[in-house]
Amino acid sequence: MSYIKQYHIDNGFRFVVLDSKFDKYICQCIDYKKGCPWRLRASYSKRSSKWEIRKIDGSHTCLSTMQLADHVNLDSNQIGYIFMNSVKENPSIPIKTLIAEIKKSFRIFDFIWQSLEW
Ligand SMILES: [Zn+2]
């Protein structure tokens, strides 16, 4: 899920989750009703003990006009995921470095922080 979110943040696409259960995950482009065909279905495989993408319908044909700061897929879970990985690798990582890593992952943070400053 994290990779799907990151892909969308990086490329400026947005998706909505239609169904999210312990063994099933279905999402589609936020512009699906406006004609963008992108849809993804994943499920948890007991055999491999991994999440597997079962089906991807089409590619995004939507043109994103949103402000990056409004990105719906950039949520606390996604930020937490990046923090968690960095802290796991280096438990004594300074907060300053964590902030720098988040800024690197989301170029948009500069924009958000700039708009918060005034
Ligand atoms: Zn789309």
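Two strands count as paired when DSSP finds at least two bridges between them. Keep that in mind, and start by selecting K24: its bridge partner in β3 is S43. We'll come back to that spot once the whole sheet is on screen.

**Stop 1: the whole chain**

What you have open is a predicted model. Color it by confidence to begin with. The protein chain averages a pLDDT of 80, and 78% of the residues score at least 70. Now select residues 111-118, where pLDDT stays under 50 and the model has 4 contacts beyond four places in sequence. Where pLDDT is low, the predicted coordinates should not be read in detail. Hide that stretch if you like and carry on.

Switch to a cartoon view. How many helices and strands does the protein chain have? There are 4 helices and 4 strands. Follow the cartoon from the N terminus and you pass them in the order α-β-β-β-β-α-α-α. Of the 118 residues in the chain, 12% count as buried. Looking at contacts with a separation of 6 or more, 38% are between residues 24 or more positions apart.

**Stop 2: the sheet**

Select the strands together. They make an open sheet of 4 strands in the order β1-β2-β3-β4, with antiparallel pairing.

Now walk across it, strand by strand:

- Select β1 and β2. These antiparallel strands are joined by 6 bridges, and they form a hairpin with 2 residues between them.
- Finish with β4 (residues 50-57), which runs antiparallel to β3 and is joined to it by 7 bridges. S45 has K50 as its bridge partner in β4.

**Stop 3: the turn at S49**

Zoom in on the loop between β3 and β4, where you'll find S49. The two strands form a hairpin with 4 residues between them. S49 has a positive phi of about 55° although it is not a glycine. That's worth a look, since most residues other than glycine have a negative phi. Is S49 buried or exposed? It has 7 C-beta neighbours inside 10 Å, so S49 counts as exposed.

**Stop 4**

Go back into strand β3 and select A42. What does A42 touch, leaving aside neighbours within four places in sequence? A42 is in contact with Y25, W51, E52, I53 and R54. Try the distance tool on A42 and I53: they are 11 residues apart along the chain, yet their C-alpha atoms are separated by 4.2 Å. A residue needs 20 or more C-beta neighbours within 10 Å to be buried; A42 has 19, so A42 counts as partly exposed.

**Stop 5: the core**

Select F13, F15, Y25, C27, C29, C36 and W38 and show their side chains. Those 7 residues make up the largest nonpolar core. Which strand gives the largest share? That is β2, with 3 residues. Center on one of the core residues, C27. Not counting residues up to four places away in sequence, C27 touches F15, V16, V17, L18 and L40.

**Stop 6: helix α2**

Last, select α2 (residues 76-89). At 1.5 Å a residue, its 14 residues should span 20 Å, and the end C-alpha atoms are 20 Å apart, which agrees. How many of the 14 residues in α2 are buried? The count is 0, so to speak a helix that is hardly covered. As you look down its axis, remember that an α-helix has 3.6 residues a turn, so residues three or four places apart point the same way.

Key:
Residues are numbered from 1 along each chain as its sequence is written. The expected span of a helix is 1.5 Å times one less than its number of residues. A nonpolar core is a set of buried Ala, Val, Leu, Ile, Met, Phe, Trp, Tyr and Cys residues joined through C-beta atoms within 7 Å. Two residues are in contact if their C-beta atoms, placed from the backbone, lie within 7 Å. pLDDT is the predictor's confidence in each residue, from 0 to 100.
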